[in-house]
Amino acid sequence: MKRLDITAPKQPWAPYLLALLAGALLIIPVFAGIVAVLDYRQSMAPPLLSNNPCVDRKLAFMRDHRPSNVNLLVVGSSTAMRHFNSPEAIRIDPSLRPYNAGLCAINLWKSEQVTNWLTHRLPGVRRVLLFASSLDYGDCRPSAPPSLNVAEADRFVFGDTWRLGFYLKSFNATILARNSMNERRRRTDRTWFDAVVLNRFGDAPLQPPRDRPEWYVEAKLDERCLTTLHRTARELDSRGIQLAVVESPMDPRWREEFDRSGEHTALMRRRIRDALTGTHAVLIEDHNHFSPGEFYDAVHLRASSTPRFTRSVLSQLETLDRGASRPKR
């Protein structure tokens, strides 16, 4: 009697694995082609370096327009990116070579990381303007959103690295597709609250036709923010770079609701000056008295008011510089 052969038939694993590998290798050039076409049409979102499309857009701009010969570095959250008007600053002082590295929503702890990173990358910087509104002193946790790995950002912006590699490293089809749906508008529409329309200096002012009142919240104070300011000022001092902390204006409607007496503003100024004690850092106060119509939310000026604000900042700096250079009697 013949014995039944019950062993499983041999599977053609080699052809299967080869087909799988070929498919995987084919995805890369196809994806690269899609990225190139969408990027050419300004519709491809940048790689997911953070969990904030505004931050990713700014880092992609910095990669495509690597700064050089900079002597004035602007840092901070979106108030830095939205409020400083570099063309106006150069018109006032042609010797200035500004670069705006403001990143949306980052706190003062992350601003410190960005400041250290870029001042080492840009050795010509002699002054740093750190923009901060009253709301920026409320949370200085290192883990606060958005996520930002400065070492990774440095490799992306300044490294001779393959851009597609950053897409593949942090690939998330759902998030990338969602961000790409709005990418063209984000790059071009200065009336949209979430736009990042950048000039060659990195400024991104907006001119929305309406307001965004949902941003109106009470300001709080995290002591870690003041510690961070002091540490930043001391680090820059040790390298011959002056820090100027710029008080970003607040909407009068916010002041009416949360700081009618002005006590909070006065307290913040005292605490900031205390944090800067023992360094050459200075505080630039806001005395502009902007009207409610010049804001589109609690902390952001419309583009049309940024030249006036920039003139005020530079005027105070000039006054402080004259006072510092005046010989003591």
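I started at strand S5 (residues 282-284), which runs parallel to S4 and is joined to that strand by 3 bridges. A reminder to myself: this is a predicted model.

Which residue of S5 is the bridge partner of Val245? I found Leu283 there. I then checked S3, which also runs parallel to S4, with 6 bridges between them. In this pairing Leu130 stands opposite Val245.

Next I looked at how enclosed S4 is. I noted that 6 of its 6 residues are buried, so S4 is largely enclosed by the rest of the structure. Gln242, Ala244 and Val246 point one way, while Leu243, Val245 and Glu247 point the other way. I was pleased to see Gln242 and Glu247 on that buried list too.

Then I moved to helix H10, residues 223-238. Its 16 residues reach 23 Å from first C-alpha to last, close to the 22 Å expected. At its N-terminal end I found a cap: a side-chain oxygen of Asp222 lies 2.9 Å from the backbone nitrogen of Arg224. Just after the helix, Gly240 takes a positive phi of about 75 degrees.

Which residues of H10 are buried? I listed Cys225, Leu226, Thr228, Leu229, Thr232, Ala233 and Leu236. Down the helix axis they fall within an arc of 155 degrees, so they line one face of H10. The face turned away from that buried side carries the exposed residues Arg234 and Ser238.

Last, I asked what covers the buried residues of H10. The cover includes strands S3 (127-132) and S4 (242-247), along with helices H5 (108-121) and H12 (263-276).

How values were computed
Residues numbered from 1 in each chain as written. Predicted model: local features only at pLDDT ≥ 70, side-chain atom pairs only at ≥ 80, totals over all residues. Heavy atoms only, no water. Helix = DSSP H or I, 4+ residues; strand = E, 2+ residues; numbered from the N terminus. Expected span 1.5 Å × (residues − 1). Buried < 20%, exposed > 50% of the residue type's maximum accessible area, 1.4 Å probe, protein only. Arc of directions from axis to C-beta. Contact = heavy atoms within 4.5 Å. Polar contact = N/O pair within 3.5 Å; in protein donor to acceptor, adjacent residues only side chain to side chain. Pairing = 2+ DSSP bridges.
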